Amino acid sequence: MRYTAFTSYDIVLLAQGLGVSLALFLATTIIGLFIGSLWAVIRFYRIPVLAQIVAVVAEVLKNSPVLVQLFLVFFGLPAFAKINVTPVEAAVITLSGNTAAFVYVIAVSAIESIGRDQIEAARVFGLSRWQILRRIIAPQAMAFAIGPLTGLLVNQLQVTSLISVIGVVDLTKIGNILNLRTLKPFIVWAVVGGLYYVMAKLVAFGGARLEKRLRAHTAWKGL
Amino acid sequence: MISVRGVRKAFGSATVLDGIDLDVHSGEVVSILGSSGSGKSTLIRCMNGLEKLDGGRITIDDFDVSRPKELSEARKRSATVFQLFNLYPHMTAVQNIALAPVEVLKIPRKQAEADARTLLDSVGLSARADAFPAQLSGGQRQRVGICRALAMKPRYLLLDEITSALDPEMTSDVLAILAKLAHDGTTMVFVTHEIEFARTISSRIVFLDKGQLVVDLPTAEFFAADGGMAKPRIAQFLSKMRKD
Ligand SMILES: Nc1ncnc2c1ncn2[C@@H]1O[C@H](COP(=O)(O)OP(=O)(O)O)[C@@H](O)[C@H]1O
Ligand SMILES: [Mg+2]
């Protein structure tokens with residue numbers, strides 16, 4: 001006879017899955033924010049060749065399914081480049097790249113939203129391109145981008161659930177395991193879904209607070 | 001001194017500056033008059049290095065603005081006040097003024113901000129020192145714009161129609177500041193439509209017409225010319241301006 005009742009150990013399992021999902025989300029968010037911003041800076045400086053490469057890579061990444069990218073990294077790298085990757089490595093590479101592509105798009109449009117006239121003023125007063133980026137563009141672009149970035153991260157959090165298909169034991173994978181054992185899909189998936197929901201709400205809440213801080217500091221309501 | 005020699009500038013097939021020669025010596029106030037579209041702003045933008053020259057040469061105290069290595073020195077010697085203020089919207093008045101002194105002149109922030117407050121006080125804005133541009137009126141913004149330029153302790157002030165976005169009351173506030181600067185011997189290149197005011201503060205008046213500098217005269221002679229032997233183009237321009 002199958003043992004279908006829930007046990008207290010299931011909570012530990014769920015917590016572990018939650019931890020894996022969260023850790024992957026945080027790691028890929030940090031890497032993605034860094035790489036995406038770096039790409040945007042490369043574009044800002046119009047670095048020849050690199051800027052074009054970045055534009056193409058971002059274009060490809062944001063217009064193809066994450067799952068396909070994940071398979072390409074997990075199965076493709078070992079097959080073609082003879083590089084073995086663990087499921088976690090494949091997940092980190094894929095999700096970081098995907099986040100970076102969207103961060104790039106948001107950062108570029110945030111940078112472009114800043115009026116040319118103030119940048120010209122800063123140039124005339126002798127500020128270097130780097131000083132202009134740091135003191136004029138970055139603070140305003142950040143205030144502008146924080147809303148779309150929060151939306152992006154809430155979405156990327158859900159996207160992490162895809163990595164369970166290559167064997168990463170994340171929250172969704174734990175859900176699968178519990179579901180197969182207990183045969184109580186409605187309860188299991190409601191709990192798992194609830195946990196994703198709470199995490200998403202926390203991300204959105206953090207983003208909204210940060211946005212309020214950045215905007216309060218700038219007081220642009222009149223513009 | 002600022003020296004402009006044979007400067008040409010075209011946008012596409014349209015020649016906007018067509019062989020401009022102009023000298024501005026220390027202590028002079030040179031007003032540039034001319035109808036809209038005659039190339040006044042473009043000339044200022046060539047002087048501060050925002051536009052690339054298609055011909056000729058501009059030097060500020062012998063630093064050539066067309067040479068990247070000399071441009072930064074040229075920019076330290078001149079400061080621009082813009083028609084539409086061009087303030088940094090995310091910074092307070094004090095921060096707007098102190099930014100370039102801190103970043104470019106490497107003045108300690110504390111001191112730069114104290115200097116900024118002194119400047120704001122001198123234009124009657126000490127109460128608005130910590131306001132953001134969006135919280136200021138046009139006239140107040142332009143006064144911040146002037147302080148931002150003065151904070152660089154420039155040898156030359158470049159002013160491009162700095163009152164044309166302001167209503168008459170704010171205009172007179174701003175002009176009063178310029179009158180004081182002129183009185184103190186500040187060197188200025190002053191693009192304006194305020195003819196009567198230009199008459200009171202200028203040492204020389206130059207007149208731009210379709211990208212050419214057709215007149216360059218001491219102020220008294222320029223306005224005397226208006227009476228009789230004037231070039232018809234100036235007389236026509238002046239009478240039109242006075243009617244407006
Ligand atoms: N960036 C630009 N691109 C194309 N044409 C321009 C540009 N800037 C100015 N012009 C043109 O150059 C001429 C002179 O402009 P401007 O210097 O602004 O005149 P003013 O300041 O005397 O009114 C105008 O015909 C204007 O349309
Ligand atoms: Mg103009």
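# Close-up views of a predicted two-chain model

**View 1. The helices of chain A.** Chain A holds 8 helices and 0 strands, in a model that is predicted. Read from the N terminus on, the elements of chain A follow the order α-α-α-α-α-α-α-α, and the C-alpha trace of the chain spans about 80 × 45 × 20 Å along its principal axes. The mean pLDDT of chain A is 92, and 96% of its residues score at least 70. Within chain A, confidence is highest in helix H2 (residues 50-62), at a mean of 96, and lowest in helix H8 (residues 185-218), where the mean is 90.

**View 2. The contact between chain B and chain A.** The two chains meet through 26 residues from chain B and 22 residues from chain A. Together they bury about 2200 Å², of which 61% is on carbon and sulfur atoms. Of the area that chain B buries against chain A, 26% is supplied by Pro89(B), His90(B) and Glu103(B), which is more than any other three residues supply. The model as a whole scores ipTM 0.91 and pTM 0.86.

**View 3. Polar and charged pairs across the interface.** Between chain B and chain A there are 8 residue pairs in polar contact, counted where both residues have pLDDT 80 or more, and 3 salt bridges are found across the interface. In one salt bridge the side chain of Glu103(B) meets that of Arg134(A), at a distance of 3.2 Å from N to O. On the side of chain B that touches chain A, the elements giving two or more residues are strand S6 (78-81), helix H3 (93-103) and helix H5 (138-150) of chain B. The largest share of that side, 3 residues, comes from H3(B). Sorted by class, the side of chain B that touches chain A comprises 14 nonpolar, 6 polar and 6 charged residues.

**View 4. A salt bridge within chain B.** Over all chains, a search of the whole structure finds 22 salt bridges. Side chains of opposite charge can pair when their charged atoms come close. One salt bridge joins Glu28(B) to Arg204(B), with 2.9 Å between the closest N and O atoms. This pair links distant parts of the chain, 176 residues apart, since Glu28(B) lies in the loop between strand S2 (14-24) and strand S3 (29-33) of chain B, while Arg204(B) belongs to strand S9 (residues 204-209) of chain B. Chain B has an average pLDDT of 92, and 95% of the residues score at least 70.

Key: Residues are numbered from 1 along each chain as its sequence is written. Chains are lettered from A and ligands numbered from 1 in the order in which they are written. Side-chain values use heavy atoms; hydrogens and water are left out. Contact means heavy atoms within 4.5 Å. Buried area is the accessible area (1.4 Å probe) that two parts lose on being put together, summed over both. A salt bridge is a side-chain nitrogen of Lys or Arg within 4 Å of a carboxyl oxygen of Asp or Glu. A polar contact is a pair of N or O atoms within 3.5 Å; within protein, one must be able to donate a hydrogen and the other to accept it, and residues adjacent in sequence count only if both atoms are side-chain atoms. Helices (H or I, at least four residues) and strands (E, at least two) are DSSP runs, numbered from the N terminus. Ala, Val, Leu, Ile, Met, Phe, Trp, Tyr, Cys and Pro count as nonpolar, Asp, Glu, Lys and Arg as charged, and the others, Gly among them, as polar. pLDDT is the predictor's confidence in each residue, from 0 to 100.
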